[in-house]
Every structure is written in C-alpha cells, then in structure tokens.
Amino acid sequence: MLTAVVTLPIARREMMVLARSPALYRARVTSSIALLCCGAGFALLYKYAGLMAVAQVIGVLSFVILMICLFAGVHLTADSISREKRDGTLGLLFLTPLTPFQIVIGKMVAHGLMGFYAVFIGVPLLCLVLIAGGVRFLQIFELALWALNILFFSCAVGLWASARHTERKKAAASGTWVVVLFWWGIPLIVQLLNHYRSPAWLIELVGLFAVNGSFNSIFAGPRMRLVQAPWFNFLVTHLMAWTFLGFAIYFLKHRWQDAPAKEKFRLREWWKKKSYGSPEVRRRIRDQLLDRNPFFWLASRDRWRSLNAWTFTIIFLGFMAWQFRRGLAGLEPACFMLLVVAFTHKVLTAGFSAHQLSIEHEQGTLEMLLSTPLKTETVLKGQLMAVTRQVRGPILLWFVAQSALLLLMFLWRSTGGPEAMLLIVGFTIYMFIHLFELYVMAWAGMWGAVTVKEAKNAAGSAMARIIMIPALTFGLVMSAGGFLTWYFQLNWNVPAPLIVGFYFTLAISNAIGWLIYFRKNLPLRLREFAMKRYTPDPNTSVWGKLGQLFGRFRAGQRTAPVLKESNV
C-alpha cells in the first residue's frame with residue numbers, strides 16, 4: 001500500500017505537509033492516551049463486573065467507532081480541494097500531467113489516511129474484548145470491515161462537497177447533511193413505506209441505501225432491520241462511495257474555475273437588513289443612543305440580537321404553563337425548567353457582551369475607536385448598556401414567572417412542611433443572586449472576548465469562571481465529606497439549609513472576586529487586545545513554551561565553551 005501511495009504525487013505532497021503539522025503529533029499523543037485510558041477502564045470493568053458487562057461494552061465501542069468513521073471522513077476531506085481553490089493552486093495542478101482522477105484519489109489517500117489509522121488504533125481495544133471471551137473473531141473482523149467501508153463512504157462524500165464549494169464551512173456542512181440523509185433519512189423513508197404498506201421489494205430496495213442499515217440497528221437510526229442480506233447493504237454503500245468519487249472528479253474537471261457571481265437570495269443578508277432596519281429606523285436609533293454612549297449605539301444597531309433569548313424563554317415558559325394547565329407537572333419540574341432558563345440567560349448574556357468587541361477587533365476598528373477621545377471605560381460601559389438593553393425583556397419575563405411560582409409555592413406550603421418553606425426561601429434568594437451573576441457574566445463575557453483565541457469560546461470561558469468553579473468546588477467538598485463519612489464510619493447529619501447556604505456563599509464569593517478582578521484589569525487588557533491585531537502572535541501554548549525552554553537550554557550549552565575560550 002505504501003508503494004501505491006508514493007506513486008501518487010498529490011498524496012505524497014499532502015502527506016509530507018501533514019507530516020510537518022504539529023496537529024498530527026498532538027493527535028497521536030491524544031489518541032494513545034485515550035486508548036490507554038479505555039484499556040484500563042475495560043480491565044477494571046472486567047475485573048469488577050465480569051463477562052456480562054463485556055458483552056455490553058462491545059455494542060458501545062462499535063457505536064462509537066462507527067459514529068467516528070461516519071462523520072470524521074467528511075471533515076477530513078471537506079477542505080482538501082476547496083483549499084486549492086481558495087489558494088489559486090488548483091489551476092496549476094492541471095498544468096501538470098496529473099488527471100482529475102489522480103488528484104481526487106491522491107487527496108483521499110492523504111487526508112483519509114489519518115482516519116484509516118484511527119480505526120486500527122481501536123481494533124486492539126476490541127481484541128481485548130475478544131480475549132475476555134463472549135465475542136467471536138468474526139464479529140471483530142466484520143466491525144473493522146464495516147468501519148473502513150463507512151470511512152471510505154464518508155471521505156468520498158467530503159471530496160464531493162469539497163469539489164463543489166470553495167469555503168470549508170459550506171463543504172463540511174453540505175457533506176454532513178448528505179451523510180445524515182443516508183444515516184437517518186433512509187431509515188425514516190423505510191418506516192414511512194412500511195406505514196403505508198408499500199411493496200416489499202420497494203422497501204428492501206430503499207433499505208439497501210441506508211449506511212450501515214443492517215449491521216447495527218441502533219446505529220442505523222430507528223430500531224429495525226432494513227434488509228435481509230447485510231452484505232448487499234455493504235456492497236451498495238461501497239458502490240455509493242465510488243459514485244460520489246465520480247461526481248467529485250466531474251465537478252473538479254468542469255468547475256475548477258471561479259464562476260461569475262450570480263444575484264441570488266441570501267438568507268443571512270436578508271436577515272441582516274431586517275435586523276438593522278430601514279435608513280429611517282437606523283437614523284432614529286442613532287439619534288437616541290449616540291449621544292448617550294457611542295459604543296452603546298454600535299452594539300445596539302442589531303435590533304433582533306435578543307430574538308433567540310426571547311424565543312427560548314417564551315417557548316420554555318409556555319411549555320411549563322401548558323404542563324401546569326394539563327396537570328402533567330408539579331412544582332419541582334417547574335423549578336428545574338426555570339433554572340434551565342436562568343442558565344441559558346447567563347450563556348446568552350456572556351455571548352452578547354463579547355459579540356461586538358469581537359466584531360470590532362476582526363474588522364480592525366477597535367484600535368481606531370480607542371485612538372479617538374473614547375476611553376476604555378466608555379467602551380466597556382457602552383457594551384454593558386447594550387447587553388442590558390438586549391436581555392432585559394427576557395429576564396423580566398423570567399422574573400415574573402419565578403415570582404408567580406414562588407407565590408404558588410407559598411400558597412401550597414402547608415402541604416409541603418419545612419421542606420417547602422426552605423425551597424421558597426432558597427428560590428427567593430436565588431432570584432437576586434441570579435441578577436447579580438448576570439451582571440458579572442456580562443463582565444466575564446467581555447473578559448473572554450479579549451483573552452480567548454476564538455470569539456465563539458468567550459461564553460464558555462465566562463461560564464467556566466462564574467458557574468463551573470463554584471459548582472465543582474461544591475461537588476468536591478460534598479464528595480470528600482461523603483467519602484470521609486463512609487471511610488471513618490461517621491454519623492454526620494448536615495442540615496439542608498447549611499448545604500444550600502454553603503453553595504450560595506461559594507457562588508457569591510466567586511462572583512465578587514471575579515468582578516473585582518475584571519473591573520481592575522479589563523480596561524488595560526482591552527487596549528492590549530485592540531493592538532493585538534497588528535502585532536505578531538507568539539506561540540504561547542504549553543508545547544511551544546517547552547520547545548522555547550529546550551531551545552534556550554541547547555543554545556546555552558553550545559555557547560558556554562565559546563565564552564570560556566574568549567575569557568582565556
């Protein structure tokens with residue numbers, strides 16, 4: 001196989017480029033560690049749970065491996081040809097003696113080889129199940145063969161999408177939808193044909209096109225056996241992969257040049273025009289907000305930014321009200337739903353507070369804004385005002401629903417005893433803590449916008465600081481208390497109000513600490529963030545720091561004898 005790969009110039013070139021990629025080495029280390037952890041977990045499971053648990057593990061592992069093969073191939077090859085289009089190097093390839101078939105096959109071999117090796121990394125783990133017993137070698141062999149066939153199909157779909165599109169996101173999205181169609185769409189069509197009592201031959205024929213429709217019914221989607229001969233389904237999947245490769249070769253040959261732009265309807269552009277409004281609406285918003293704070297006006301021009309917050313809040317609260325009306329839910333599910341809405345509001349608040357700062361930084365206008373008489377404090381204040389304007393409506397609606405629920409709990413407290421009164425007091429305190437945490441989340445979102453590498457991770461960074469730290473601390477303390485109680489045979493009985501008060505104390509202390517830190521350091525960090533676009537970005541990762549340290553150590557060893565001779 002290696003000789004065949006070397007004879008393909010495209011595959012050789014792509015593999016040499018990938019061999020110098022740091023991501024390849026990180027993936028090798030990560031996959032090895034994951035395999036080691038899975039093997040250790042399997043050994044512990046076999047020791048303490050026995051052979052019955054091993055029989056269930058094979059189903060879980062097969063599902064995971066087949067799922068990875070189904071979607072990994074698309075993302076491995078989705079940018080293989082489209083990147084050549086963006087770089088303008090695809091036309092140069094056609095000046096060589098290479099044919100479109102050689103280019104497509106070379107791209108598949110080079111980019112799909114990582115997925116091919118990933119499948120063989122998981123095979124030794126399945127062999128551990130074989131050694132333990134209860135699973136035949138033929139089952140392991142069939143699973144590996146099906147995984148490689150599905151990986152081949154997924155890579156072919158990714159190449160087809162990459163040959164049709166220029167942008168990586170569009171190619172990956174198009175290929176993913178095609179894979180989902182053959183994974184879930186075909187079984188759903190089979191179910192509809194069964195429901196309307198279609199001919200058996202038609203159901204059998206359509207079921208043949210389902211990806212992995214016979215080998216694993218859970219993986220195929222609906223729990224049903226699509227075809228009577230699994231290997232016919234295997235053969236059809238393989239033929240479909242070659243069909244997509246043929247389409248990729250056709251599109252590569254006939255659509256490798258940039259097509260002239262066509263006027264067509266774009267939903268994103270239409271939505272942007274509607275959200276910003278007509279010129280009269282934009283002028284009215286500018287007159288209202290510009291004098292109050294210029295950045296407040298910049299961050300508030302999109303009038304429909306808070307539409308997703310409104311939609312989620314109304315749907316969730318409406319569903320809760322419907323359940324109350326039908327008598328399908330009590331107070332505890334309603335409390336859980338309100339907590340979910342509150343959690344979503346925090347995530348959206350962090351995202352809203354980071355959105356405009358990220359846009360101004362990407363466009364290169366943030367440094368120009370700070371070059372004007374505007375101060376960093378003014379920019380931060382304007383962003384906070386914009387976030388307040390965007391989320392105040394959904395938060396007010398949540399506050400009203402929470403107050404109504406507390407009123408119902410107060411009216412029904414006689415049937416619940418002290419626990420109901422404790423729940424009322426806890427939720428009353430949480431309402432005000434939630435408002436304070438929303439304010440802190442706005443600051444945390446702005447901090448995440450100027451510290452993380454990708455703007456989409458700003459909300460996650462804020463949630464990790466404000467929500468996850470106290471939750472993990474509380475969980476560790478409670479777990480440690482439970483372990484000590486079990487190990488030393490203690491008879492501790494901590495009252496519930498003390499536990500609730502401990503969590504609220506952790507949450508408030510953590511939020512106050514981060515708020516003080518953000519208000520003190522964010523203005524200076526914002527100015528550094530604005531200048532970062534025009535300064536080189538050093539490699540500050542852990543591996544980069546270790547490499548720099550090792551390089552300095554080697555350089556010191558080489559220069560030490562020279563310095564000694566010069567002193568002599």
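Modeller: Of the 568 residues in the chain, 40% are buried; buried means under 20% relative accessible area, exposed over 50%, and partly exposed in between, with a 1.4 Å probe and protein chains only. The model is predicted, so local features need pLDDT of at least 70 and side-chain atom pairs count only at pLDDT 80 or more, while totals for chains, interfaces and linings use all residues. Residues are numbered from 1 along each chain as its sequence is written, and side-chain values use heavy atoms, with hydrogens and water left out.

Colleague: How many helices and strands are there in the chain?

Modeller: Helices (H or I, at least four residues) and strands (E, at least two) are DSSP runs, numbered from the N terminus. The chain has 0 strands, and its helices number 24.

Colleague: Why do the buried residues of helix 14 line one face of the helix?

Modeller: In helix 14 (residues 279-289), the buried residues are Val281, Ile285 and Leu289. Seen down the helix axis, they line one face because they fall within an arc, taken from the directions from the axis to the C-beta atoms, of 50°.

Colleague: At what angle do the axes of helix 22 and helix 23 cross?

Modeller: Axes are lines fitted to C-alpha atoms, for helices over the stretch in contact, and angles run from 0 to 180 degrees between N-to-C directions. Residues of helix 22 that meet helix 23 include Ile466 and Phe474, and those on the helix 23 side include Phe502 and Trp514. The axes of helix 22 (residues 458-487) and helix 23 (residues 496-531) come within 9 Å, and the crossing angle is roughly 145°.

Colleague: Is Gln356 buried or exposed?

Modeller: Gln356 lies in helix 17 (residues 331-363). Leaving aside neighbours within four places in sequence, Gln356 has contacts (heavy atoms within 4.5 Å) with Phe295, Leu298, Ala299, Arg301, Arg305 and Gln383. The relative accessible area of Gln356 is 3%, so this residue is buried.
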